[in-house]
Amino acid sequence: MAGSQDVFDAIVMADERFHGEGYQEGYEEGSSLGIIEGRRHGTLHGAKIGSEIGCYQGFAFAWRCLLHSCATEKDSKKMKALESLIGMIQKFPYDDPTYDKLHEDLDRIRGKFKQVCPLNVSFDS
């Protein structure tokens with residue numbers, strides 16, 4: 001009778017055991033896929049931000065060179081704004097994804113870029 005009781009307990013407990021094993025396998029698989037998906041998303045998002053910042057930096061360097069070649073008194077305001085934008089870009093933490101003010105700084109750079117753009121529309125004014 002004791003042998004049949006053990007078989008019965010094994011059958012009853014099989015559901016719980018398989019549930020636990022299935023949960024553990026699913027958790028491990030999900031964690032692995034989550035890490036892969038997170039890296040891919042982070043890489044893509046980081047590349048977009050890097051491209052955007054690089055565009056702003058290229059714009060600012062090009063206009064700074066152009067303004068240096070024919071600087072006038074009127075261009076001092078433009079130069080200050082460009083130098084401010086370049087300074088903000090150079091301080092941007094490219095290599096620290098855990099930087100808690102990353103989006104705030106990015107928004108400030110975007111705002112400064114929007115402020116600088118209209119200043120450089122007419123080069124000969």
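Trainee: What do the side chains of Glu 37 and Arg 40 meet in?

Mentor: The side chains of Glu 37 and Arg 40 meet in a salt bridge, at 2.1 Å from N to O. A salt bridge is a side-chain nitrogen of Lys or Arg within 4 Å of a carboxyl oxygen of Asp or Glu. Please note that this is a predicted model, in which local features need pLDDT of at least 70 and side-chain atom pairs count only at pLDDT 80 or more, while totals for chains, interfaces and linings use all residues. Residues are numbered from 1 along each chain as its sequence is written, and side-chain values use heavy atoms, with hydrogens and water left out.

Trainee: How are Glu 37 and Arg 40 separated in helix 1?

Mentor: They are three residues apart in helix 1, which means that about one helical turn separates Glu 37 from Arg 40. Helices (H or I, at least four residues) and strands (E, at least two) are DSSP runs, numbered from the N terminus.

Trainee: And is Arg 40 buried or exposed?

Mentor: Arg 40 is exposed, with a relative accessible area of 53%. The cut-offs are under 20% relative accessible area for buried and over 50% for exposed, with partly exposed in between (1.4 Å probe, protein chains only).

Trainee: How many salt bridges does the structure hold?

Mentor: The structure holds seven salt bridges. One of them joins the side chains of Arg 110 and Glu 52, at 2.6 Å from N to O. Arg 110 is partly exposed, with a relative accessible area of 28%.

Trainee: Which residues are linked in a network of salt bridges?

Mentor: The network links Glu 52, Asp 107 and Arg 110.

Trainee: What does Asp 105 form with Arg 108?

Mentor: Asp 105 forms a salt bridge with Arg 108, and the closest N and O atoms are 2.8 Å apart. These two residues are three apart in helix 3, so about one helical turn separates them. Asp 105 counts as buried at 17% relative accessibility, whereas Arg 108 counts as partly exposed at 47%.

Trainee: Let us step back. How many helices and strands are there in the protein chain?

Mentor: The protein chain has three helices and zero strands. Along the sequence, the pattern is α-α-α. Of the 125 residues in the chain, 22% are buried.

Trainee: Where does Ile 109 lie, and is Ile 109 buried or exposed?

Mentor: Ile 109 lies in helix 3. Ile 109 is buried, with a relative accessible area of 1%. From Ile 109 to Gly 87 there are 22 residues in sequence and 9.7 Å in space, C-alpha to C-alpha.

Trainee: How far apart in space are Lys 77 and Val 116?

Mentor: Lys 77 and Val 116 are 9.7 Å apart, C-alpha to C-alpha, and 39 residues apart in sequence. Lys 77 is found in helix 2, which covers residues 75–91, and Lys 77 is exposed at a relative accessible area of 57%.

Trainee: Now the pocket. What volume has the largest pocket?

Mentor: Its volume is about 290 Å³. On a 1 Å grid over the protein atoms alone, a pocket is an open set of points with protein on both sides within 12 Å along at least five of seven lines, whereas a cavity is a set where a 1.4 Å probe fits but cannot get out; lining residues have an atom within 4 Å of a point. Grid points are joined across faces, edges and corners, and a volume is the space filled by probe spheres set on the points.

Trainee: Which residues lie nearest its centre?

Mentor: Of the 14 lining residues, Gly 46, Ile 49, Tyr 94, Pro 97 and Leu 102 lie nearest the centre of the largest pocket. Helix 1 gives the largest share of the lining, six residues. Helix 1 and helix 3 (102–116) each supply at least two residues.
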